[in-house]
Amino acid sequence: MAARPVSRMLQRVLRSGLRSCSSGAPVTQHRPGEPPQTAAEELSRRRQFLREHAAPFSAFLTDSFGRQHSYLRISLTEKCNLRCQYCMPEEGVPLTPKADLLTTEEILTLARLFVKEGIDKIRLTGGEPLIRPDVVDIVARLHQLEGLRTIGITTNGINLARLLPQLQKAGLSAINISLDTLVPAKFEFIVRRKGFHKVMEGIHKAIELGYSPVKVNCVVMRGLNEDELLDFVALTEGLPLDVRFIEYMPFDGNRWNFKKMVSYKEMLDTLRQQWPELEKLPEEESSTAKAFKIPGFRGQVSFITSMSEHFCGTCNRLRITADGNLKVCLFGNSEVSLRDHLRAGASEEELRRVIGAAVGRKKRQHAGMFSIAQMKNRPMILIEFLLLLQDSPPAIPSIFSQDPFCVQGIRHRVSFSNQKATLWEGGWFPRTPLLAQWRLRSSCPQRHYSSHLDSDANPKCLSAVAQAPATPSGPLPTADQLTHVDTEGRAAMVDVGGKPDTERVAVASAVVLLGSVAFKLVQENQLKKGDALAVAQLAGVQAAKLTSQLIPLCHHVALSHVQVWLELDATRHAVGIRASCRARGPTGVEMEALTAVAVAALTVYDMCKAVSRDIVLGEIKLLSKTGGQRGDFQRT
């Protein structure tokens, strides 16, 4: 930000040889006989001047945690010419009456005030900002503000190729374009409109006009476009693009659910399998993106990790909605109307106090992935067009509104454990060492199911040995706190980025007590639903591969091998289940093995429930694991 008194003084002193530009930085007049400066050289000189003559940052844009807010996002409209599924409900949203929206003069008045106090970057959003008729004029008038270094725009790209030459001339310096798929038919499905080729035309027009990098924002949704990650990255080989993969985030009406979210770590693993040489770039101050580059490629890729790894500590962003409300946090539902104060005739000093109070109330960080499930927030279309660049992970679906996982505080977790222990002692869970009693009578027909046939494998799933306490085969240091909970008791995903890749193997088991009638039908394969053991074995294999989608804080693991066995125990009228999982990576696979046996057991129940509901699922436990910092484990 340029210091106004200093810049004005320099303008007077240097007036004879220099003319002033809109930033207050001197611009040398071209003299005959000297080579003219390029636009890039002039821009570099201007930025250097602003850095050297920066004033102390405004106190009213600094929050109670010392974060200086120098970046303002202004929504120009609530309207959009697309209907993206993650952004807007299919039925649309009720729009604010035009009289209640900010006028052009009100937008510029607020922008002028914010820039005067320290904002040096403004991004125009929507809705879709390029459908506003006076968008070029707004950019041109913003460009005249002293101290404003960057004017950006976030657009769906439909109108970009037509308007970009005018926008560039007006002073637009940065572009973000939304594109969630490279398949035209899928594009129409996601946005509920046509226009794929117009977006691509807009991207190429931006490259043609010299924007570098051109940022392409891709919201990644499981089952929809996560299979296109490699195709997007391949675009950066020959084009100066910054492809930014955004974790899917929830807003009112977009029918978000946790299973659709593909985490940053999972996306990064997918990319590294194709390009092991992928290298991390240094993070810029206040950046919301984790940037990577493949050596030899012109462009780069980035990840916006609002869901899995927040970036609250360096947040420098504020937002003004189209109806004039100031939001200090994208996912926060606290807003203050600057429009009402403007129309009531508030002075600049009064507006400063209102804005300063709102910034001062900004929290240190978001409430946590699970703790804000009931928060009411605007649909994304009413905040801005894309799910971008802010400091709060979103809420999970409303099914958790009663907090069954007790994430509001760690003490709740303790009480839940105590309750479970009481149920166990009260007889709700079987205490008999069932696995120790798995024996098959030689006179009974025996059915064994395994997902992997090995000539050296014992046809019996588990040895009939006495139950004994679990003992580690080597050093097994204990942790003094839960690894999936942060210091404030909030759920947190463990960072395994610095752990070495090692061979990981885990084996788990479970037992299903069927009762005599259901057991006989399973044994003779006479169930109306079909072969219970075969279906359960397939379900177990599938569950192991999908563990990270079922267990929220589990990392995605690329399994190299999964085995699931099921065996009948006639003495107990039971089905014994065992699963083995193997992978090479920085995190273990015990959750994959446990998920496999649990889902296989549930499948057996589902196949048999029409015959009897007096079925008990129990003894789900880890039998062994190898690999990792805590050493090997063996239940003997």
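# Notebook: hairpin, sheet, cores

I started at the hairpin of β18 and β19, where four residues sit between the strands and H573 takes a positive phi near 50°. Strands pair here if DSSP finds at least two bridges between them, and helices (H or I, at least four residues) and strands (E, at least two) are DSSP runs numbered from the N terminus. Residues are numbered from 1 along each chain as its sequence is written, and side-chain values use heavy atoms, with hydrogens and water left out.

**Around β19**

H573 is not a glycine, yet its phi is positive. Buried or exposed, or in between? I get a relative accessible area of 30% for H573, so I logged it as partly exposed (buried is under 20% relative accessible area, exposed over 50%, partly exposed in between, with a 1.4 Å probe and protein chains only).

Next I followed the strands. β18 (residues 561-569) runs antiparallel to β19, with nine bridges joining them, and L568 stands opposite V575. β17 (residues 502-513) also pairs with β19 in the antiparallel sense, over twelve bridges; there L513 has A574 as its bridge partner. How many residues of β19 are buried? I found nine of the twelve in 574-585, so the strand is mostly covered.

N525 lies in the loop between α13 (516-523) and α14 (532-545), and at 35% relative accessibility it is partly exposed.

**The open sheet**

I traced an open sheet of twelve strands with mixed pairing, in the order β9-β10-β11-β8-β7-β6-β5-β4-β3-β12-β13-β14. Which strands stand at the edges? They are β9 (279-280) and β14 (335-337); each has a single partner strand, so one side of each lacks a neighbour in the sheet. β12 (residues 317-320) and β13 (residues 325-327) are antiparallel over two bridges, and I320 has L326 in β13 as its bridge partner.

Helix α9 (residues 264-274) lies across β7 (214-220), β8 (241-247), β10 (289-293) and β11 (300-304), at about 160° to β11. That angle is between N-to-C directions, on a scale from 0 to 180 degrees, with axes fitted to C-alpha atoms, for helices over the stretch in contact.

**Loops I stopped at**

T236 is in the loop between α8 (229-235) and β8. At a relative accessible area of 2%, T236 is buried. Leaving out residues up to four places away in sequence, I listed what T236 touches: L241, V243, F297, R298, G299, Q300 and V301 (contact means heavy atoms within 4.5 Å).

D180 sits in the loop between β6 (174-178) and α6 (184-191) and is buried, with a relative accessible area of 5%. A polar atom of the D180 side chain lies 2.8 Å from the backbone nitrogen of V219.

I also noted two cis peptide bonds. One joins G126 and G127, with omega about 10°; G127 is in the loop between β4 (121-125) and α4 (135-143). Another joins S212 and P213, with omega about 0°; P213 is in the loop between α7 (196-208) and β7.

**Cores**

Which members of the largest nonpolar core touch the most others? Of its 93 residues, they are F114, I122, L142 and F245 (a nonpolar core is a set of buried Ala, Val, Leu, Ile, Met, Phe, Trp, Tyr and Cys residues joined through side-chain atoms within 4.5 Å). Helix α3 (residues 104-117) gives the most to this core, with seven residues. Setting aside neighbours within four places in sequence, L142 contacts L108, A111, I122, L124, L148 and I151. I found a second, separate core of 37 residues, including L527, A570, V589 and A601.

**Whole chain and confidence**

The protein chain has 16 helices and 21 strands, and 50% of its 636 residues count as buried. Average pLDDT (the predictor's confidence in each residue, from 0 to 100) is 75, and 67% of the residues score at least 70. Residues 367-446 have pLDDT below 50, and beyond near neighbours in sequence this stretch has 219 contacts in the model. Residues 451-477 are also below 50, with 52 such contacts. Where pLDDT is low, the predicted coordinates should not be read in detail.

Technical notes
Predicted model: local features only at pLDDT ≥ 70, side-chain atom pairs only at ≥ 80, totals over all residues. Polar contact = N/O pair within 3.5 Å; in protein donor to acceptor, adjacent residues only side chain to side chain.
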